[in-house]
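Work through the exercises below with the sequence and the structure side by side. Try each task before reading its solution.

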Amino acid sequence: MIAAEMDLDTRFEGEPLEALAAAWSAEDLTLGQLARAISRYYTQSRLTLEGAARYLDAPPAELEALLGLAALDDEDLSRLSAANPPKTTWLFFADAETEEIEAGLLALNRDCPSDEIAAQRVYQAMREVGAPTLEDRVAAISGATLGHLATKAKQYGVLTPKARQFLVSVASRKKLGSPLTEKQLEWLKAILQELVDKEVICRESPDGDQAECDEVLAALGA
Amino acid sequence: MSRVVNNTPSPMLLQKIGATNLTLADAIAEIVANSFDAAIEGSPAIIDVNVSADEISVIDSGTGMTEDILAEAIRLGVDMSSVVKKRVGAKGHFGLGMKTACASIGKWWAVHTRPTGGNLEYRVAFDLEDWERRPNSPEAWSITIDDMPRSSDSPLGDRTSGTAVIVQRLRQRNPLPGPVLAKLGEAFKAHLEQGDSIVINGDPALPKQYRFVPGSKVPIDIQFGPNSSLRITGWVALDTQTHNDGNYGFNIYRHNQLVQTWNKDWFAAHLMTSRLIGEVHMDFIDATFFKMGLQQSEEWRFATAEMKEFLKPVTKASQGLSKQKNIHNPIVSRDIIGEMRSSVGAEEWVPPTTIPVAGELGGGVVMENPPPTPERELPKLRVSFEALVLEDGARIPITIAEKAMSSTATPFDLIFDDFREVPELQAVVNTNHELWSQSKDRPQLRMLAVGDAILRYLMQTAGMSGNQAAEARNEWILAAMKEGWK
């Protein structure tokens, strides 16, 4: 649908770099048209993200957001085009599923206090309908599983004693219902990833603990 | 006046030799090494390992032992090469491995053995609690070897010959088979690749597959010695991980037969050089090579001198990659590998995946190891509690988006939207950039990103001079810190 709205070949003629610059500065394009045109000529230009951003005098993050939006399916992108959301929401829409996009746009159109931050409103609405994040999923791994992994890591001779002790202590904290801090969550993620990399946690565990392994693999999205 | 005293070791010694730092997997590997030593020449070794909460067993179909050989094998410190003709590359030399391993695994063990030929099999059992009670006398070390007719009820089952080591009253509760599978697949990688097999609780041990640093695998083809009559061929590469388990170095082959695993004679072995993994074919070494001892072989001395020289750049690269997390930096890694390849005379390596760059605009960044495509997930949004307040009273709220960007070159950036009633400034932190992974203080990194976004916004959009913008940025940072930024 987006592609049908304009003929990119005739609208921006010339070398990819010229076409890229022309598309970037065109003021009459919808968001969808802009995203698809930028994506097309950026790919043809063979520039890096930073190279293209320098050429266009644009922030790389804004370019990245547009490239992400261009990868959405036509229907989602059309809906976004019609709503023309603020740039500060683009990165979120670019990584969103249809359901999240719908929720984000609904939140955007709601009557809200004038001092409410649009990006925050959209993000919160998207999070409410979206799948749990990696952090949410890792934080939800049971204490029993983490305790088991501490024992298992010792038998495999992996992880430092400090990291194993950390797993034991997180397992106890979970039993008490204490939430993890951001730093603790980061460390836990790194430890679990190391266990996956070293095949201590795997799809076909020989150790009779497939349920625990699957719990962690699902949380890590591995 | 002098006196002859009884110098027999205390029976407690048998208990004490088990007090080692061996992991269960290490100890089983020791016993499996004996099974490889006893393999029948010309036939692939077949070794069964069983790990359960009550018992650990290692059973092979090797040559087995006669009663006399078994009697020597169970004595502490007997060099078995003086008792039996061992095949080239035999691993056991000091007569301690099996006993130490068994004592570290459990408090009771038995050896059943069935030699080739004959109708009998032999059994000997050690009970450490019984040994602890024995009086300190020469007789304390006496032990009975039982002989019995071969029977399928024996742990050796229907095997024609072989040896079974059974350990009970285990020191480790609920031992897992996984670490044993992993250890044996790594320690005996070369054997497994040659067709020998080890099965643990029904699962075959698979030779460990190493993940080498891209471009680090280089061929070895060296001719040396008198009239260049000696030749070493093979390869060496650098593992993406270091090894503190000893499973690195070179597997040495003679006429395609593995004669030694993980030899480390050609470089200073320590953690920083433990990425070195290689295979070399040295057909010139004598069949009695290991019995002669490495130092006595002239060919070995020649080979060692050549290999030491050849490996200098490789060990240097291993050390370089292990320093300062260089292994995680694709640009530094590429340079280290490039220098190594050039120094050993290998062809220049072209990364298989490169992002093309267009002249000067590209900034010259080539990604050798692009980060894995992250799972599709919303970037994280944080709202800064300190908005940017301009002189005219305009208040610009600030958000922080944490996004895994497609590029690893930009650590943080900004997005500004001023088409609405309330303009918004967003600092974008790239979680794919090294700064993010290396940062030990994420809140400070976020503050840095917001400070950068403010400075750039004020200069590029609000038209302030650099000094004015920096002053405003600094005020904001101070205010944020006073408010307890985290």
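**Exercise 1.** How many residues does the contact take from chain A, and how many from chain B?

*Solution.* This is a predicted model, in which local features need pLDDT of at least 70, side-chain atom pairs count only at pLDDT 80 or more, and totals for chains, interfaces and linings use all residues. Residues are numbered from 1 along each chain as its sequence is written, while chains are lettered from A and ligands numbered from 1 in the order in which they are written.

Step 1. Two residues are in contact if their C-beta atoms, placed from the backbone, lie within 7 Å. The contact takes 45 residues from chain A and 47 residues from chain B.

Step 2. On the side of chain A that touches chain B, the elements giving two or more residues are α5 (49–56), α6, α8, α10 (118–129) and α12 (143–156) of chain A. Of these, α10(A) gives the most, with six residues. Helices (H or I, at least four residues) and strands (E, at least two) are DSSP runs, numbered from the N terminus.

Step 3. By class, this side of chain A has 19 nonpolar, 12 polar and 14 charged residues. Ala, Val, Leu, Ile, Met, Phe, Trp, Tyr, Cys and Pro count as nonpolar, Asp, Glu, Lys and Arg as charged, and the others, Gly among them, as polar.

**Exercise 2.** State how many helices and strands chain A has, and do likewise for chain B.

*Solution.* Step 1. Chain A has 15 helices and zero strands. Chain B has 13 helices and 19 strands.

Step 1. A residue is buried if 20 or more other C-beta atoms lie within 10 Å of its own, exposed if 12 or fewer, and partly exposed in between, with C-beta atoms placed from the backbone. Buried residues make up 41% of the 222 residues in chain A and 37% of the 486 residues in chain B.

**Exercise 3.** At what angle do helix α4 (residues 31–45) and helix α6 (residues 60–70) of chain A pack?

*Solution.* Step 1. The angle is about 100°, and the axes are 8 Å apart. Axes are lines fitted to C-alpha atoms, for helices over the stretch in contact, and angles run from 0 to 180 degrees between N-to-C directions.

Step 1. Angles of 65 to 115 degrees count as roughly perpendicular, under 35 as roughly parallel, over 145 as roughly antiparallel and the rest as oblique. Therefore α4(A) and α6(A) are roughly perpendicular to each other.

Step 2. Among the residues making the contact are I38(A) of α4(A) and L69(A) of α6(A). The residues of this contact divide into nine nonpolar, one polar and one charged.

**Exercise 4.** Which residues touch the most other members of the largest nonpolar core?

*Solution.* Step 1. A nonpolar core is a set of buried Ala, Val, Leu, Ile, Met, Phe, Trp, Tyr and Cys residues joined through C-beta atoms within 7 Å.

Step 1. The largest has 66 residues, of which I38(A), L69(A) and A427(B) touch the most other members. Its largest share, seven residues, comes from helix α12 (residues 442–460) of chain B.

**Exercise 5.** Is N84(A) buried or exposed?

*Solution.* Step 1. N84(A) is found in the loop between α7 (74–83) and α8 (90–94) of chain A.

Step 1. N84(A) counts as exposed because it has 11 C-beta neighbours inside 10 Å.

Step 2. N84(A) has a positive phi of about 45° although it is not a glycine. Most residues other than glycine have a negative phi.
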